[in-house]
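Here is a short briefing to read alongside the model. Please keep the sequence and the 3D view open as you go.

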Amino acid sequence: RRERQARKEAEDRLRTEIVVRTREQREQQKKEDELQQECNRLMELIAQKDLILDAASREEAFQLAQERQLAREDHDRVRQVLRRHTLCQRSLRKEVAAVSSELEALQDRASTSRR
């Protein structure tokens with residue numbers, strides 16, 4: 001009889017332990033599931049931020065390329081204006097030289113005709 005009682009008490013303790021362990025396992029699994037959900041949510045958030053950063057980077061690169069193109073066009077325009085001015089300056093120097101030569105010739109003739 002004592003053995004039965006001891007056995008029954010041992011079985012009851014074992015059942016109680018099984019119930020406690022099962023509850024703990026469920027709670028642990030619930031915590032793991034919640035952590036996995038949070039991890040998934042954070043990974044999605046990171047992926048979204050990566051997409052946003054990538055789009056912003058592409059937009060900045062596009063704008064930079066446009067600015068560079070505009071700068072090249074401005075540079076080319078300035079170079080063309082400079083070339084025209086240089087040609088104009090050369091032409092004016094030639095004209096000034098020709099007019100100076102004519103003036104000297106006229107002055108020489110004037111001085112020889114006075115004599």
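Is glutamate 11 buried, partly exposed or exposed? Glutamate 11 counts as partly exposed, because its relative accessibility is 33% (buried means under 20% relative accessible area, exposed over 50%, and partly exposed in between, with a 1.4 Å probe and protein chains only). You are looking at a predicted model, in which local features need pLDDT of at least 70 and side-chain atom pairs count only at pLDDT 80 or more, while totals for chains, interfaces and linings use all residues. Residues are numbered from 1 along each chain as its sequence is written, and side-chain values use heavy atoms, with hydrogens and water left out.

**Overall architecture**

- The secondary structure of the protein chain amounts to 1 helix and 0 strands; helices (H or I, at least four residues) and strands (E, at least two) are DSSP runs, numbered from the N terminus.
- Helix α1 covers residues 2–114, and leucine 14 is one of the residues in it.
- The C-alpha trace of the protein chain spans about 165 × 15 × 10 Å along its principal axes.
- The radius of gyration of the protein chain is 49 Å, whereas a compact globule of 115 residues would have one near 13 Å. This radius is taken over C-alpha atoms, and the globule rule is 2.2 Å times the number of residues to the power 0.38.

**Distances along the helix**

- Leucine 14 and glutamate 104 are 90 residues apart along the chain, and their C-alpha atoms are separated by 130 Å.
- Glutamate 34, also a residue of helix α1, is 67 residues from serine 101 in sequence and 99 Å from it in space, C-alpha to C-alpha.

**Surface and burial**

- Of the 115 residues of the protein chain, 0% count as buried.
- The protein chain exposes about 11,500 Å², and carbon and sulfur atoms supply 53% of that area. The areas come from the Shrake-Rupley method with a 1.4 Å probe, and for residues only the protein chains shown count as cover.
- Leucine 14 counts as exposed because its relative accessibility is 52%.
- Glutamate 34 is partly exposed, with a relative accessible area of 43%.

**Salt bridges**

- How many salt bridges does the count come to? The count comes to 9 salt bridges, where a salt bridge is a side-chain nitrogen of Lys or Arg within 4 Å of a carboxyl oxygen of Asp or Glu.
- Glutamate 11 pairs with arginine 7, with the closest N and O atoms 3.5 Å apart. Both residues lie in helix α1, 4 residues apart, which is about one turn of the helix. Arginine 7 is exposed, at a relative accessible area of 58%.
- Arginine 21 forms a salt bridge with glutamate 24, and the closest N and O atoms are 3.5 Å apart. Arginine 21 is partly exposed at 47% relative accessible area, and glutamate 24 is partly exposed at 41%.
- The side chains of glutamate 38 and arginine 41 meet in a salt bridge of 2.8 Å, N to O. Glutamate 38 is partly exposed, with a relative accessible area of 36%, and arginine 41 counts as partly exposed at 45% relative accessibility. Both lie in helix α1, 3 residues apart, about one turn of the helix.
- Salt bridges that share partners join Arg7, Lys8, Glu11, Asp12 and Arg15 into one network.

- The protein chain carries 27 positive and 24 negative side chains, and the centres of the two sets lie 2 Å apart. Lys and Arg count as positive and Asp and Glu as negative, with His and the chain ends not counted. The place of a charge is taken as NZ of Lys, CZ of Arg, CG of Asp or CD of Glu.

**Cysteines**

- The structure holds 0 disulfides, a disulfide being a pair of cysteine sulfur atoms within 2.5 Å.
- Cysteine 39 counts as partly exposed because its relative accessibility is 37%.
- Cysteine 88 likewise counts as partly exposed, at 43% relative accessibility.
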